[in-house]
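Me: Hey, can we go through the aromatic rings in this one?

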Amino acid sequence: MSRVYNFSAGPSCLPEEVLKECAAEMMDYNGSGQSVMEMSHRSKYFEPIIEDAENMVRKLMNVPENYKVLFLQGGGSTQFAMVAENLGIKNKKAAYIETGVWAKKAAQEAQRLGVQVDVIASSKDKNYSYIPKVEKIEGDYDYAYICFNNTIMGTHYEYIPDTGNIPLVADISSCVLSEPLDVSKFGLLFAGAQKNLAPSGVTLVIIREDLIPEVENCLPGTPVMLSYKTHADNGSMYNTPPCYTIYVLGKVLHWIEKNGGAEGMAKRNKEKADYLYDFLDSSDFYRATAEKGSRSLMNVPFLTKYSTGNTDEQSAAKEKEINSKFVKEAEQAGFINLKGHRLVGGMRASIYNAMSLEGVKALVEFMKKFAEENK
Ligand SMILES: *Cc1c(COP(=O)(O)O)cnc(C)c1O
């Protein structure tokens, strides 16, 4: 068996221990004679699985008592609508900080649903390569919205904006449990699982109870399935939940606990990210695109310096050529999914919790060799 180093932005690599456990339990989970894929979500076998997953989220993220933990479907993207429909109901007005594609999509969705969106800060001026500093958010907003880690741009908040009484909503899809986070500072947190928690198919939502409206008080036309109340009242089992994904998520959470919890992940992630950024910053062949002070621990976009500073067509073409050569040769060497997002270009290494320091070191060795051969 040979495994690759997978630097995908999502779905992404999972801890091998977890994959092995899943394989071992595939034909007969816990003496049930079935796999978790096949069993009723109302069975005595599955109920402890979802309970354990919730308890582990509460434990590892230190979730206060007055917050609900929900397991929903529809990915991070469905939350863009759910947030607006459930929270944008009083003044129908919300503040958004625009830090890239995901924040922008969330703002557009709210606007489409009739919420007045004020973009109170943006880093568009420098192609979203930094996080704007917004110390305080004030106004008659129903909520304020941020994307805490910008998967495509490779930027990350190093502070939490002070919103006073305005509930703060954060998309933490690509940084959940990568480091400790004070849940009590937020009204709502959500994360699509396929970056740092599980295979795709489940979205973790953590919401302060007093922010959950009755279905009738959501924006007009809100479907029952898009009301947080529906899922909160039914323990995330109003309809069939993504059972197998929740099962794997539980296993990943136990793996995180075994490896030191959120603090352990932060230590491991800083070590990996520092190793890669230090190399990029000292290289005369590559450079990181995200500004210092805003850099993500999870997603590291980088360019080759081949044509930096030259904007003429010929050198742009040359850079494109060298980038695709990099991606191709990396793949042949067992480092996959390094092609950058088209909005940033170049390359991107996503180094989520499950990626080892060993994997990052091996990548840097490959990068050194490639630079040497293509100077
Ligand atoms: C991937 C991602 C999303 C979209 O998630 P889906 O589950 O594909 O809808 C939203 N926000 C962030 C920050 C992401 O990284």
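Reply: Rings of Phe, Tyr and Trp (its six-membered ring) pair if their centres lie within 6.5 Å; planes under 30 degrees apart count as stacked, over 60 as edge-to-face and the rest as tilted. This is a predicted model, where local features need pLDDT of at least 70, side-chain atom pairs count only at pLDDT 80 or more, and totals for chains, interfaces and linings use all residues. Residues are numbered from 1 along each chain as its sequence is written, and side-chain values use heavy atoms, with hydrogens and water left out.

Me: How many aromatic pairs are there in the whole structure?

Reply: Searching the whole structure gives 22 aromatic pairs. One of them is Phe 148 with Tyr 157, stacked at 5.6 Å centre to centre with 0° between the planes.

Me: And Phe 148 and Tyr 157, buried or exposed?

Reply: Both Phe 148 and Tyr 157 are buried (under 20% relative accessible area; exposed is over 50%, partly exposed in between, with a 1.4 Å probe and protein chains only).

Me: Why is the pair of Phe 285 and Phe 370 edge-to-face?

Reply: Because the planes of Phe 285 and Phe 370 sit at 70°, with ring centres 6.2 Å apart. Phe 285 counts as buried at 6% relative accessibility, and Phe 370 does at 1%.

Me: Which aromatic cluster are Phe 285 and Phe 370 in?

Reply: One that includes Tyr 5, Phe 7, Tyr 286 and Phe 366.

Me: New topic: which Lys lies over the face of Tyr 159?

Reply: Lys 133, at 3.7 Å from the ring centre. A charge sits over a ring if NZ of Lys or CZ of Arg is within 6 Å of the ring centre and within 35 degrees of the ring normal. Lys 126 lies over the face of Tyr 130, at 5.5 Å from the ring centre.
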